[in-house]
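Subject: Structure for your review

Dear colleague,

Please find below the structure that I am handing over to you. My notes on it follow directly after.

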Amino acid sequence: MAYDWPVRKAHMDDVKDMHALLLDCAQKGLLLPRALIFLYGHVRNFWVVEAPDGRIAACCALAPVWEDLGEICSLVVREELRRHGLGRKVVEACMSDCEALHIRRVFSLTYQVVFFSRLGYEIIDKGALPQKIWSDCVHCAKYPDCCDETAVFKDLGSRKE
Ligand SMILES: CC(C)(COP(=O)(O)OP(=O)(O)OC[C@H]1O[C@@H](n2cnc3c(N)ncnc32)[C@H](O)[C@@H]1OP(=O)(O)O)[C@@H](O)C(=O)NCCC(=O)NCCS
């Protein structure tokens with residue numbers, strides 16, 4: 001059963017909850033940790049789903065990267081709430097920002113290939129991505145030779161004039 005909870009843009013009061021969610025996943029090696037200072041500074045990139053208890057159930061960011069390219073990142077659903085459509089909801093909310101930003105291509109680096117394939121993403125060679133994306137990765141202990149994440153990609157097509 002999909003949870004029909006509201007999805008909205010994140011605000012400053014959400015950041016500590018987002019930070020705790022991301023830290024928990026980062027400690028399990030599922031994504032890069034994000035410092036509070038980074039999250040406060042990039043809060044406008046984030047969407048969240050709020051659970052009925054007022055806590056953040058899911059968060060995700062669309063980060064503008066280069067020309068018409070954006071990255072879906074910092075995606076987490078609270079562990080006990082997974083497989084109820086919240087991941088899809090928060091990623092689709094991020095994708096809704098693409099048109100206004102003129103982002104026409106979106107990628108993610110992930111271990112969750114099946115999830116992204118359900119959302120219409122396809123696997124691409126990491127080497128096809130511009131060098132700019134490695135600015136975060138250079139701080140990762142697995143960079144460059146031990147990176148075991150998969151690059152997934154979605155082409156949103158040309159802009160409607
Ligand atoms: C990846 C993650 C965000 C998915 O969130 P979720 O709320 O469980 O996903 P949804 O319920 O919206 O699933 C959407 C689709 O993907 C499928 N799916 C989700 N997780 C899956 C999994 N582990 N294996 C297979 N299919 C999966 C669902 O069945 C669903 O398919 P459908 O719409 O065709 O029925 C969540 O598992 C998570 O937070 N993982 C830990 C953090 C992480 O790995 N983040 C990704 C970093 S890029």
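Before the remaining findings, a word on conventions. This is a predicted model, in which local features need pLDDT of at least 70 and side-chain atom pairs count only at pLDDT 80 or more, whereas totals for chains, interfaces and linings use all residues. Residues are numbered from 1 along each chain as its sequence is written, and side-chain values use heavy atoms, with hydrogens and water left out.

Ligand surroundings

- A polar backbone atom of R83 lies 2.7 Å from an oxygen atom of the ligand.
- An N or O atom in the side chain of R82 lies 3.3 Å from a ligand oxygen atom.

On its own the ligand has 920 Å² of accessible area, of which the protein covers 80% (Shrake-Rupley method, 1.4 Å probe; for residues, only the protein chains shown count as cover).

R83 deserves a separate remark. R83 belongs to the loop between β4 and α3, where helices (H or I, at least four residues) and strands (E, at least two) are DSSP runs numbered from the N terminus. Its phi is near 70°, a positive value in a residue other than glycine. R83 is exposed, because its relative accessibility is 82%; the classes used here are buried under 20% relative accessible area, exposed over 50% and partly exposed in between (1.4 Å probe, protein chains only).

Nonpolar cores

A nonpolar core is here a set of buried Ala, Val, Leu, Ile, Met, Phe, Trp, Tyr and Cys residues joined through side-chain atoms within 4.5 Å. The largest one has 25 residues, and W5, I72, L86, V106 and Y121 touch the most other members. Two or more residues come from each of β2 (46-50), β3 (56-66), β4 (69-77) and α3 (86-95). The greatest contribution is that of α3, with six residues.

A second, separate core has 18 residues, including A26, F46, A61 and V76.

Helix α3 is mostly covered, with seven of its ten residues buried. The buried residues are L86, G87, V90, V91, A93, C94 and M95. L86 is in contact (heavy atoms within 4.5 Å) with Y3, W5, V49, A57, A58, V77 and L81, not counting residues up to four places away in sequence.

Aromatic pairs

Three aromatic pairs are counted, where rings of Phe, Tyr and Trp (its six-membered ring) pair if their centres lie within 6.5 Å; planes under 30 degrees apart count as stacked, over 60 as edge-to-face and the rest as tilted. Y3 and W5 are stacked, at 4.5 Å centre to centre with 15° between the planes. Both Y3 and W5 are buried.

F115 and F116 are edge-to-face, at 5.2 Å centre to centre with 80° between the planes. F115 is partly exposed, with a relative accessible area of 24%, whereas F116 is buried, at 1%. Together with Y121, F115 and F116 form one aromatic cluster.

Individual positions

R34 is found in the loop between α1 (15-27) and α2 (36-41). R34 counts as buried because its relative accessible area is 14%. Leaving out residues up to four places away in sequence, R34 touches H19, L22, L39, S74 and D136.

S74, one of those contacts of R34, is placed in strand β4. S74 has a positive phi of about 50° although it is not a glycine, and S74 is buried at 9% relative accessible area.

A10 sits in the loop between β1 (7-9) and α1 and is buried, with 12% relative accessibility. Beyond its neighbours within four places in sequence, A10 is in contact with M18, V43, F46, W47 and V48. A10 and I56 are 46 residues apart in sequence, and their C-alpha atoms are 9.6 Å apart in space.

With kind regards

Technical notes. Polar contact = N/O pair within 3.5 Å; in protein donor to acceptor, adjacent residues only side chain to side chain.
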